[in-house]
Amino acid sequence: MIEGVEIHSLTEYSDSRGAIREVFKISWNWVKQTDFAQITHSRIVKNTVKAWHYHRYQTDWWYLVEGELLVFLVDFREGSFGEVMEISLSSLNPSVLKIPPLVLHGLKVKSKYADLIYLTDKVYSPADEGRIPYNHPDIPVDWGKKIIVSPNDLKTILI
């Protein structure tokens with residue numbers, strides 16, 4: 001486990017009318033009121049790869065509303081590639097993933113689409129976002145074939 005990365009399982013309450021999940025609650029010991037400055041929703045299509053980026057100061061909290069993701073994290077705190085961690089996120093097994101600053105993160109959508117909500121403890125700032133190309137030869141992750149990437153996922157921006 002990479003230091004500072006946390007995965008918190010969520011409980012779903014259901015009956016004949018449907019279901020409800022509490023996602024973030026100030027009374028939980030792993031949630032602090034100061035953790036959140038922005039909430040963003042991303043809908044991503046199958047085989048899309050978003051990788052690699054990191055933030056110098058920002059912490060992300062990911063909640064997958066619908067779909068299935070393959071997530072990789074790489075410890076980059078020493079300015080070099082460290083431990084690689086693989087996590088499968090599925091809306092059928094609800095959880096919240098905490099990604100601390102200076103941890104490279106990337107994802108691949110395994111389902112038809114994925115709806116990802118992420119909360120951040122800072123308002124987004126491009127000056128706080130570093131990037132490494134998704135296919136960097138020193139990061140041992142194989143994203144597979146027929147993937148979709150954006151030009152941003154080919155950039156190198158070190159902060």
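Me: Which side chains meet in a salt bridge at 3.4 Å, N to O?

Reply: Side chains of opposite charge can pair when their charged atoms come close. A salt bridge here is a side-chain nitrogen of Lys or Arg within 4 Å of a carboxyl oxygen of Asp or Glu. In this structure the side chains of Glu 129 and Arg 131 meet in that way, at 3.4 Å. The model is predicted: local features need pLDDT of at least 70, side-chain atom pairs count only at pLDDT 80 or more, and totals for chains, interfaces and linings use all residues. Residues are numbered from 1 along each chain as its sequence is written, and side-chain values use heavy atoms, with hydrogens and water left out.

Me: Which residues are linked with Glu 129 in a network of salt bridges?

Reply: Glu 129, Arg 131 and Asp 153 form the network. Arg 131 also bridges to Asp 153, with the closest N and O atoms 3.7 Å apart. Arg 131 is in strand β12 (residues 129-131) and Asp 153 in the segment after β12, so this pair ties together parts 22 residues apart in sequence. Strands (E, at least two residues) and helices (H or I, at least four) are DSSP runs, numbered from the N terminus.

Me: Are Arg 131 and Asp 153 buried or exposed?

Reply: Buried means under 20% relative accessible area, exposed over 50%, and partly exposed in between, with a 1.4 Å probe and protein chains only. Both Arg 131 and Asp 153 are buried, and Glu 129 is buried too.

Me: How many salt bridges does the structure hold, and which residue pairs with Lys 98?

Reply: The structure holds 9 salt bridges. Lys 98 pairs with Glu 6, the closest N and O atoms being 3.5 Å apart. This pair links distant parts of the chain, Lys 98 in strand β9 (residues 95-99) and Glu 6 in strand β1 (residues 6-9). The two residues are 92 apart in sequence, yet their C-alpha atoms are 5.0 Å apart in space. Lys 98 is buried at 18% relative accessible area, whereas Glu 6 is partly exposed at 25%.

Me: What else does Glu 6 touch?

Reply: Contact means heavy atoms within 4.5 Å. Leaving aside neighbours within four places in sequence, Glu 6 is in contact with Met 1, Trp 30, Trp 61, Val 96, Leu 97 and Lys 98. A polar contact is a pair of N or O atoms within 3.5 Å; within protein, one must be able to donate a hydrogen and the other to accept it, and residues adjacent in sequence count only if both atoms are side-chain atoms. The side chain of Glu 6 makes one with the side chain of His 8, at 2.7 Å.

Me: Which side chain does Asp 115 join in a polar contact?

Reply: Asp 115 joins Arg 43, side chain to side chain, at 2.8 Å. Asp 115 lies in strand β11 (residues 113-120) and is buried, with a relative accessible area of 8%.

Me: In what order do the strands of the open sheet run?

Reply: Two strands pair if DSSP finds at least two bridges between them. Here 5 strands form an open sheet in the order β8-β7-β10-β5-β12, with antiparallel pairing. The edge strands, each pairing on one side only, are β8 (84-90) and β12. Strand β7 (residues 68-75) is joined to β8 by 7 bridges, and Glu 68 stands opposite Ser 90 in β8.

Me: How many residues lie between β2 and β3 in their hairpin?

Reply: The hairpin has 2 residues between β2 and β3. Strands β2 (residues 12-15) and β3 (residues 18-21) pair in the antiparallel sense over 4 bridges, and Gly 18 in β3 is the bridge partner of Asp 15.
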